[in-house]
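Thanks for coming. I have one structure to go through, so please look at the sequence and the model while I talk.

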Amino acid sequence: MPLIFLKDGEKIVPEFDISDTEATFEWINGQYWLHSDDPKEKPIGIEIDKILDRHLEFFRKSSIHKELFARAIGIKGAVRPKVLDLTGGLLGDSLLFLAAGCEVHTCERNPLVAFLIQSAIKNAHHPLLQKFRFSPVDGESLLSPEFDVAYFDPMFEDVNHKASPKKQMRIFRALLDGDKDAESVLEKALTCGVKRVVVKRPRLSKELLQKKPLRMEGKSTRYDIYFS
Ligand SMILES: C[S@@+](CC[C@H](N)C(=O)[O-])C[C@H]1O[C@@H](n2cnc3c(N)ncnc32)[C@H](O)[C@@H]1O
């Protein structure tokens, strides 16, 4: 089934052609949501204001400094690094960094995912968005020493059952062709002048490069930290 856009029931012609996908974009509550042709799968949409409020509520009760992601990106005391998130996706990590007090510039190179993000941003009003920028480009073009951290979370091959994506994410993964250039993007990040490069990996997966990183492990996720 070709990609279809529906805005309040009316068909919209997409600006990009992905004719072999099963996806539909539907306009719900002021923004586009993505769903597959399986009615049992929940649609995917990024509710930025809600997500940020949820994180803020969590950080009011529990210290940010206890969080593995915070230690990985270099949050320490009152220090909040300026982050370049090279892999926007559904903004899960970017919004976490933003709620933790960081300034964040995020990019996404897949036009379909970038469309979903831009639609979500237009529908969001949270004051924290003053510290957020989004660019629908390849992250390589934004690599620069002005950032304290480059954060990289490329798509991975499943290594075990626990790390496999939620059913809801099946369509999202089907639309993306994997990030096969991950190693070369990481190599470029390491030579662009950013002092700290953080790669998110499934806990049991191999490192992206031969060079040994500092590893921080959680239950299912691992952060590989490279200092340049
Ligand atoms: C695993 S997802 C990221 C998930 C994200 N961290 C989150 O929490 O929602 C990887 C995403 O990064 C994008 N991506 C991969 N390499 C990229 C690059 N070099 N520049 C921009 N986007 C990239 C892919 O298109 C995909 O949408």
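**A buried serine, a helix face and a ligand site**

I start with Ser-144, which is buried, at a relative accessible area of 18%; buried means under 20%, exposed over 50%, and partly exposed in between, with a 1.4 Å probe and protein chains only. This is a predicted model, in which local features need pLDDT of at least 70 and side-chain atom pairs count only at pLDDT 80 or more, while totals for chains, interfaces and linings use all residues. Residues are numbered from 1 along each chain as its sequence is written, and side-chain values use heavy atoms, with hydrogens and water left out.

Where is Ser-144? It sits in the loop between β7 (132–135) and β8. Not counting residues up to four places away in sequence, Ser-144 touches Cys-192 and Val-194, a contact being heavy atoms within 4.5 Å.

Now the whole protein. There are 6 helices and 11 strands; these are DSSP runs numbered from the N terminus, H or I of at least four residues for helices and E of at least two for strands. Of the 228 residues, 47% are buried. Among contacts with a separation of 6 or more, 59% are between residues 24 or more positions apart. The protein exposes about 12,300 Å², and 52% of that comes from carbon and sulfur atoms; the areas are Shrake-Rupley values with a 1.4 Å probe, and for residues only the protein chains shown count as cover.

Next, helix α6, residues 182–190. Its buried residues are Ala-182, Val-185, Leu-186, Ala-189 and Leu-190. They lie on the same side of α6 because they cover an arc of only 135° around the axis, taken from the directions from the helix axis to the C-beta atoms. What do these residues pack against? The partners are β8 (149–152), β9 (196–202) and β11 (221–227).

Last, the ligand. 20 residues surround the ligand, and the closest are Leu-90, Asp-93, Glu-108, Gly-139 and Asp-153; the cut-off is a heavy atom within 4 Å. The shell divides into 8 nonpolar, 6 polar and 6 charged residues, with Gly counted as polar.

For polar contacts, the criterion is a pair of N or O atoms within 3.5 Å. A polar side-chain atom of Asp-93 is 2.8 Å from a ligand nitrogen atom. A polar backbone atom of Gly-92 is 3.1 Å from a ligand oxygen atom, and a backbone N or O atom of Arg-109 is 3.2 Å from a ligand nitrogen atom. On its own the ligand has 600 Å² of accessible area, of which the protein covers 92%.

Methods
A polar contact is a pair of N or O atoms within 3.5 Å; within protein, one must be able to donate a hydrogen and the other to accept it, and residues adjacent in sequence count only if both atoms are side-chain atoms.
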